[in-house]
Amino acid sequence: MTAVREKATTPEDLARMFVERANAGDAAGIAELYEPDAVLAFPPGSETVGREAIRAVIEQLLANRPHFEVEEPMPTVRSGDLAMTSTRPADDTGGRVQVVRRQPDGSWLRVMDRPEARG
């Protein structure tokens with residue numbers, strides 16, 4: 001049985017939900033924050049494409065049980081059903097930027113995610 005998880009009702013919800021799910025060790029829940037064909041620029045210097053591949057990469061990331069903090073958001077840029085979100089990284093990795101899209105049910109999912117500018 002699949003867990004019913006909170007959906008992002010605003011683009012800004014996604015960063016908080018990522019942190020909550022990461023700290024809970026919920027790689028499948030993090031993967032649900034992405035569209036089925038989303039692109040994640042991680043590990044640094046590479047691209048991970050598709051929700052299942054993203055889940056696998058996140059499982060590896062969470063294997064050492066890192067702790068994440070919600071970072072200071074930058075202003076969201078919107079254009080219709082697309083939005084660009086970003087945060088000021090606490091770990092000085094150069095910036096985090098995501099392109100997100102409003103879904104038919106009104107929720108938001110990540111389409112492209114660059115969690116680190118340097119790699």
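Analyst: First, a term: contact means heavy atoms within 4.5 Å. Leaving aside neighbours within four places in sequence, Tyr 34 is in contact with Phe 18, Leu 40, Arg 51, Ile 54, Leu 109, Arg 110 and Asp 113. Bear in mind that this is a predicted model: local features need pLDDT of at least 70, side-chain atom pairs count only at pLDDT 80 or more, and totals for chains, interfaces and linings use all residues. Residues are numbered from 1 along each chain as its sequence is written, and side-chain values use heavy atoms, with hydrogens and water left out.

User: Why does Thr 85 count as buried?

Analyst: Buried means under 20% relative accessible area, exposed over 50%, partly exposed in between (1.4 Å probe, protein chains only). Thr 85 comes out at 8% relative accessibility, so it counts as buried.

User: And where does Thr 85 lie?

Analyst: In strand β5, residues 82-88. Helices (H or I, at least four residues) and strands (E, at least two) are DSSP runs, numbered from the N terminus. Beyond four places in sequence, the contacts of Thr 85 are Pro 11, Thr 76, Arg 96, Val 97, Gln 98 and Val 100.

User: What makes the Thr 85 and Gln 98 side chains a polar contact?

Analyst: Their distance is 2.8 Å. The cut-off is a pair of N or O atoms within 3.5 Å; within protein, one must be able to donate a hydrogen and the other to accept it, and residues adjacent in sequence count only if both atoms are side-chain atoms.

User: What makes Asp 105 and Lys 7 a salt bridge?

Analyst: The closest N and O atoms are 2.6 Å apart. The rule wants a side-chain nitrogen of Lys or Arg within 4 Å of a carboxyl oxygen of Asp or Glu, so this pair qualifies. It links distant parts of the chain, 98 residues apart: Asp 105 sits in the loop between β6 and β7, and Lys 7 in the segment before α1.

User: Why is Lys 7 called exposed?

Analyst: Lys 7 has a relative accessible area of 51%, so it lands in the exposed class.

User: Which salt bridge has Arg 110 as a member?

Analyst: Arg 110 pairs with Asp 113, closest N and O atoms 3.1 Å apart, and both residues are buried. By this rule the count comes to 14 salt bridges. Elsewhere, Glu 6, Asp 13, Arg 16 and Glu 20 are linked in a network of them.
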